[in-house]
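Subject: Structure for your files

Hello,

Here is the structure I said I would pass on. My notes on it follow below.

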Amino acid sequence: MARILITSALPYINGIKHLGNLVGSQLPADLYARYMRARGHEVMFICATDEHGTPAELAAAKTGEPVADYCARMHGVQKHLADGFGLSFDHFGRSSSARNHALTQHMAARLAEAGLVEEVEETQVFSPDDGRFLPDRYIEGTCPACGYDKARGDQCENCTKQLTPRELLDPRSAISGATNLEPRATRHLYLRQSALRERLDQWIDSQRGWPILTTSIAKKWLHDGDGLQDRGITRDLDWGVPVRRGDAPWPGMEGKVFYVWFDAPIEYIAATAEWADAHGLPDAAWRRWWRTDQGADDVRYVQFMGKDNVPFHTLSFPATLMGANHDGTEPWKLVDYIKSFNYLTYDGGQFSTSQGRGVFMDHALELLPGDYWRWWLLSHAPETGDSEFTWENFQASVNKDLADVLGNFVSRVTKFCNARFGAEVPAGGDYGPLEHAAGDEVAARLAAYARHMEAMEIRKSAAELRALWVIGNEYLQEAAPWSTIKTDPEQAQAQVRFALNLMRIYAVVSRPFVPDAAARIMAALACADWSWPDSPAQALDALPVGHAFTVPDVLFRKITDEEREAWAARFAGLRA
RNA sequence: GGGCCCGUAGCUCAACGGUCAGAGCAGGGCGCUCAUAACGCCUUGGUUGGGGGUUCGAAUCCCUCCGGGCCUACCA
């Protein structure tokens, strides 16, 4: 039994996430967590809402709520949606938790001790009308290069030119439109990542088998131009972790908070502490996952994220943890494997939160239960490149894979048995060559499935799982118990018994992908034996003869052409 | 501008230097009737974006062109 720590990139608190966000981190992380638990490993699966930063403040201002209230409410909404998609976090924390405040401040203190924090005076744009400093991208103006009048202070979206706010013509606040902007001096802390460049580079080099996407992005940042740049880790905001040096004040940093990208990854650790608190466990309970000197030396740590998150997870966060262990007294667990994803596109374009283009988590669950989405999203996960969501494809996958191949198998077996032998596992006959051949095939497919799951090859895993389901239909066609029963009822009983046992195996191995359907199959079988079919031959005899079951309702319903068309029209633009 | 990724059957993808380039869906034919008109079997279909090169051998390596996407550090 291994110990596996799994984190999913933290969804930002600002609004409801779309399916692209879901498939890029939380969903595959959940798949892996569920699989590893099913194989009997000890799993700690952590996620949380990422609650700090300017967008959260603005979103709260828009609804008229205090930002803390807004975040608390949205955390609840996201938690509810996560449940709807069956995300099996051991803890779904909040980056605004007391634990994260303390740990972030602690990490900053350790980094300062290590000489890795530098105070830098710089000039930022202040907007008196908004009462705040404006991040570059919250300043709009006319692009000096192309004349586009909605260029942002970091880049012109029209001509892609990199800009600084002072280059913009007629700059204004993107928040209020105020043109009364003034440069103002401010001091900030910088994390001296550059000092750790060699170590980070070697660390990345020492990793084996990471996705090209992961390493190429890390390498780009390490070696591009002047190499890894130092990074500001504080901001002039109200909402966030106050800048303190551990328990002590940080002179000169009064009224400032840590930058959200500094505190967000630390929340992975803090959320594990929140988990321990929630269960009344001592600190040792979470430290054994995160401190290699306190039990985490045998932990395998895997992170899941979209490609936009890679730089922070390959560089900034490791730099934080390495720096915090400058004197060897705080060996924090570094990630062992980073599974990164490309983007999911929607009908040829991007999912857009601002334009309401695409399907969002709340609306998805209004249309269909989580399992339907889980199956499509995971079996089309954007692993090698961006992948595209289309309603036609979604309909085809759901109807064919879930309803016809898996759902109908369950249906035909249970209904036939119930009609001919009654609702219990029939006792007659013995398995013969047909059953042994099918059993061997199950064993072979299962081994391939396990290989792909271990390797986090998600689409391949899905394909293999589907192939497992197909075996059931192939077997039935060949065994044809509806014919056998006429000449050899005993043999027909054995055939049905075999199929019922196959059903249980399907429930167990499909659970990571479609947990609700798996649970319904097991409920129908009145079975609580979720043990993994390590020996398929044995597992095909798991249900005791005479064991009563019930015929389940339709496992997956089909999506009609009318529905598909209506949904496509509804989600084409402008979110309601 | 620079960097990275991708371009393989109508569609979604696999094969990552070596038997006739595979699978699912869609299309065509046959079979079965237990089942959500479901299932099974067979089958049509590709000069692997174009061109050049390396090699005994290339979808796979190199160069170049075309097309799509992403990143480029103060959104997170």
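Does Asn309 count as buried or exposed? Please keep in mind that this is a predicted model. Asn309 has a relative accessibility of 13% and therefore counts as buried, since the cut-off for buried is under 20%. In the chain, Asn309 lies in the loop that runs between strand S15 (299-306) and helix H9 (310-324). Apart from neighbours within four places in sequence, Ala9 and Trp261 are in contact with Asn309.

The UniProt annotation "binding site", from an unreviewed entry, covers Thr353. Thr353 sits in the loop between strand S18 (349-350) and helix H10 (361-367). Its relative accessible area is 46%, so Thr353 is partly exposed. With neighbours within four places in sequence set aside, Thr353 is in contact with His18 and Phe360.

The last item is a pair of helices. Helix H1 covers residues 19-38 and helix H11 covers residues 370-379; they pack at an angle of about 95°, and their axes are 10 Å apart. H1 and H11 are therefore roughly perpendicular to each other, as angles from 65 to 115 degrees count as such. On the H1 side, the residues that meet H11 are Leu19, Leu22, Val23, Leu27, Pro28, Asp30, Leu31 and Arg34. On the H11 side they are Trp373, Arg374, Leu377 and Leu378. Sorted by class, this contact of H1 with H11 has 9 nonpolar, no polar and 3 charged residues.

Regards

How values were computed:
Residues numbered from 1 in each chain as written. Chains lettered and ligands numbered in written order. Predicted model: local features only at pLDDT ≥ 70, side-chain atom pairs only at ≥ 80, totals over all residues. Heavy atoms only, no water. Axes fitted to C-alpha atoms, helices over the stretch in contact; angles between N-to-C directions. Helix = DSSP H or I, 4+ residues; strand = E, 2+ residues; numbered from the N terminus. Parallel < 35°, antiparallel > 145°, perpendicular 65-115°, else oblique. Contact = heavy atoms within 4.5 Å. Nonpolar A, V, L, I, M, F, W, Y, C, P; charged D, E, K, R; others polar. UniProt positions renumbered as here; feature names shortened; annotations may be inferred. Buried < 20%, exposed > 50% of the residue type's maximum accessible area, 1.4 Å probe, protein only.
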